[in-house]
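Student: Can we go through this model together? I'd like to start with the ligand and then look at the core.

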Amino acid sequence: MSTLILNIKQLLQAHESNVTILKGEEMKTLSIIEDAYVYIDHDTIIEFGKMEDYRPIEADITIDAAGKIVLPSWCDSHSHIVYAGDRTSEFVDRINGLSYEEIANKGGGILNSAKVLQDTSEDELFEQSIKRLNELIAMGTGAVEIKTGYGLTVEAELKMLRVIKRIKQESLAVIIPTLLAAHAIPAEYKSKKQEYIKLIIEELIPKASQLNIVHYIDVFCEKGYFNLKETEAILAAAKAYNLQPKIHVNQFNILGGIALGVEYNALSVDHLEELNDKDIEALKGSNTIPVALPGCSYFLGIPYTKARDIIDAGLPLAIATDYNPGSAPSGNMNFIVSSACVKMKMTPEEAINAATINGAYAMGISNMYGSITRGKKANLLITKPMNHYSEIPYGFAHNPIEQVIINGQLLN
Ligand SMILES: N=CN[C@@H](CCC(=O)O)C(=O)O
Ligand SMILES: [Zn+2]
């Protein structure tokens with residue numbers, strides 16, 4: 001199967017040589033070809049360039065993208081889309097004045113989702129989760145990281161991993177699984193947290209590794225969850241199984257998780273709604289990418305990550321949805337790109353770079369995804385007609401996507 005896209009108004013993130021990350025000043029520029037074409041064969045980008053240089057190519061499908069923008073599919077590097085049920089009643093509690101912390105202290109929050117997930121069959125969990133994924137794909141997402149963390153028992157965490165594995169097998173989207181057993185302290189371990197950590201280290205990590213699909217370990221490093229020392233113990237144990245950290249840090253409090261992540265060669269440190277100069281210094285010169293989650297700031301009414309401080313310090317930045325039932329029940333990357341501009345003062349160029357190539361980097365896949373480069377995988381999206389790519393973030397909460405191509409296949 002081959003596909004040819006012609007007359008593209010603006011082809012974004014097109015690179016002759018393979019880029020894998022953009023940092024600081026580099027994020028200000030979005031590589032663009034005006035009036036362009038792209039040729040895809042099977043799952044691979046074979047050729048692209050300006051229409052004036054186009055020489056006829058035979059293709060099974062030809063798309064006329066006149067007046068439309070083409071760019072790499074969104075790369076959502078932080079999600080929790082495998083969950084059961086919802087938390088709408090907590091949403092109403094928050095509207096009525098309770099905080100996220102107060103709801104969690106009442107036994108709600110992550111523990112509430114864990115209870116529901118434990119009582120949900122594997123098939124039902126799969127059905128609910130793949131439905132969410134398919135909605136994201138239709139909105140332009142082509143690669144998604146999915147965390148466990150609503151199981152909180154060995155059996156339920158492994159159930160989540162098997163569901164993620166099945167999603168990975170059945171979907172054309174790229175799925176990157178992450179083990180987040182240290183997401184909360186299960187109710188039955190409330191007064192014996194160390195025993196839960198021991199269970200993660202001695203039983204869960206080895207069993208999860210045997211499934212052969214997980215490369216990343218996550219910990220919710222936060223007051224009331226896992227402190228710095230506990231986070232370190234889990235990262236150290238995971239290292240022996242070649243699990244690289246991608247950790248939740250600085251959501252509500254600064255505990256030193258960013259420096260710890262860098263020390264353990266984390267691929268990413270995520271959230272960072274709270275951030276100080278020491279954190280920024282710790283990231284300099286590292287291979288760890290910070291990831292901002294503006295959907296969570298929007299939904300919980302907490303600060304937005306200081307993107308300007310991060311980018312202006314010369315660092316890279318990725319943005320992701322954090323799609324989960326408690327703090328960010330939306331997986332719309334178009335909204336994330338828009339809120340990065342509106343609320344975090346990122347330019348459209350920076351936001352699109354953060355949601356494509358840098359998102360791919362934050363999943364360890366930017367060698368093959370996240371840009372339009374010959375030889376890279378063909379995950380692309382085609383927008384509705386628009387005059388300029390800035391309309392993607394400008395028209396917030398709309399759906400700018402008309403068609404998506406995943407793994408070389410046109411889905412609609
Ligand atoms: N903060 C930790 N984990 C999720 C929220 C989980 C939940 O509330 O269910 C997050 O990234 O925001
Ligand atoms: Zn999260």
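Tutor: We take the ligand shell, the annotated sites and the core in turn. This is a predicted model, where local features need pLDDT of at least 70, side-chain atom pairs count only at pLDDT 80 or more, and totals for chains, interfaces and linings use all residues. Residues are numbered from 1 along each chain as its sequence is written, with chains lettered from A and ligands numbered from 1 in the order in which they are written.

Student: Which residues surround ligand 1?

Tutor: Among them are G109, I110, S113, F220, H248 and D322, where a shell residue has its backbone-placed C-beta atom within 6 Å of the ligand.

Student: Where does UniProt put the "binding site" feature?

Tutor: The unreviewed UniProt entry places it at Y150, N324 and G326; such annotations may be inferred rather than shown by experiment. These positions are spread over 177 residues of sequence, yet cluster in space, with a largest C-alpha distance of 11.2 Å.

Student: Is N324 buried or exposed?

Tutor: N324 is buried, because 27 other C-beta atoms lie within 10 Å; the cut-offs are 20 or more for buried, 12 or fewer for exposed, and partly exposed in between, with C-beta atoms placed from the backbone.

Student: And what does N324 touch?

Tutor: Leaving out residues up to four places away in sequence, N324 touches H80, Y83 and P329, a contact being backbone-placed C-beta atoms within 7 Å.

Student: New topic: how many residues are in the largest nonpolar core?

Tutor: That core has 132 residues, meaning buried Ala, Val, Leu, Ile, Met, Phe, Trp, Tyr and Cys joined through C-beta atoms within 7 Å. It lies between domain 1 (2-72 + 368-410) and domain 2 (75-361), because both give residues to it; the bounds come from an automatic or database domain assignment.

Technical notes:
Two residues are in contact if their C-beta atoms, placed from the backbone, lie within 7 Å.
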